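Here are my notes on the model you sent over. Have it open while you go through them.

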Amino acid sequence: IGVTGYLGFGSDTDGNVLNGFPDAYLPANVARGLLSCTMLFVYPMESFVARHALVVVLFSGRSAKEGDDHAVLARTMRRIAVTFALYALALIPAIAFDDLGDVLALTGALGGSA
């Protein structure tokens, strides 16, 4: 996708190739809608994995280390707090950055330094 986007738009290529198309262009809008549907269904699965990892790191004990999240998250307020914290950590960068290129650069810098 990146090569075809660059060939189509040249040096005007955005971090998100779909941003190069006009708002009224139907195929691009269909692609945007399908991408939104993908994110709608992927986010809960990724959030579940991140919550499990956070539970293992934050809460010590045998049940957390063995994968029994229910024992650790049985308290409703604890479950809400962990889930809300993860949601906020995902939402804040989404609101702060207008360009996907900035997010990818930050992710690459953090991932490359680990």
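1. First, a term: a contact means heavy atoms within 4.5 Å. With that in hand, 28% of the contacts in the protein chain with a separation of 6 or more come from residues 24 or more positions apart.

2. Some housekeeping before the details. This is a predicted model, where local features need pLDDT of at least 70, side-chain atom pairs count only at pLDDT 80 or more, and totals for chains, interfaces and linings use all residues. Residues are numbered from 1 along each chain as its sequence is written, and side-chain values use heavy atoms, with hydrogens and water left out.

3. On the overall fold, the protein chain has six helices and zero strands. Both are DSSP runs numbered from the N terminus (helices: H or I, at least four residues; strands: E, at least two).

4. How much of the protein chain counts as buried? The figure is 11% of its 114 residues. Buried means under 20% relative accessible area, exposed over 50%, and partly exposed in between (1.4 Å probe, protein chains only).

5. Now take α2, residues 26-58. This helix has 33 residues and reaches 46 Å from its first C-alpha to its last, close to the 48 Å expected; the expected span is 1.5 Å times one less than the number of residues. A kink of about 30° lies at V42, shortly before the proline P44. That bend is the angle between axes fitted to the seven residues ending there and the seven starting there. The buried residues of α2 are A28, S47, R51 and V55.

6. Still in α2, look at R32. R32 is partly exposed, at 22% relative accessible area, and touches L18, N19, F21, P22 and D23, leaving aside residues up to four places away in sequence. Between R32 and N19 there are 13 residues in sequence and 9.6 Å in space, C-alpha to C-alpha.

7. Which helix gives the most to the nonpolar patch? Helix α5 (residues 76-96) does, with six residues. The patch is formed by Y43, M77, I80, F84, Y87, L91 and I95 on the surface. L91 sits in α5 and is partly exposed, at 35% relative accessible area.

Note on methods:
Patch = residues over 30% accessible without salt bridge, like charges linked within 9 Å, V, L, I, M, F, W, Y side chains within 5 Å. Areas by Shrake-Rupley, 256 points an atom, 1.4 Å probe, with all protein chains shown as cover. Salt bridge = Lys/Arg side-chain N within 4 Å of Asp/Glu carboxyl O.
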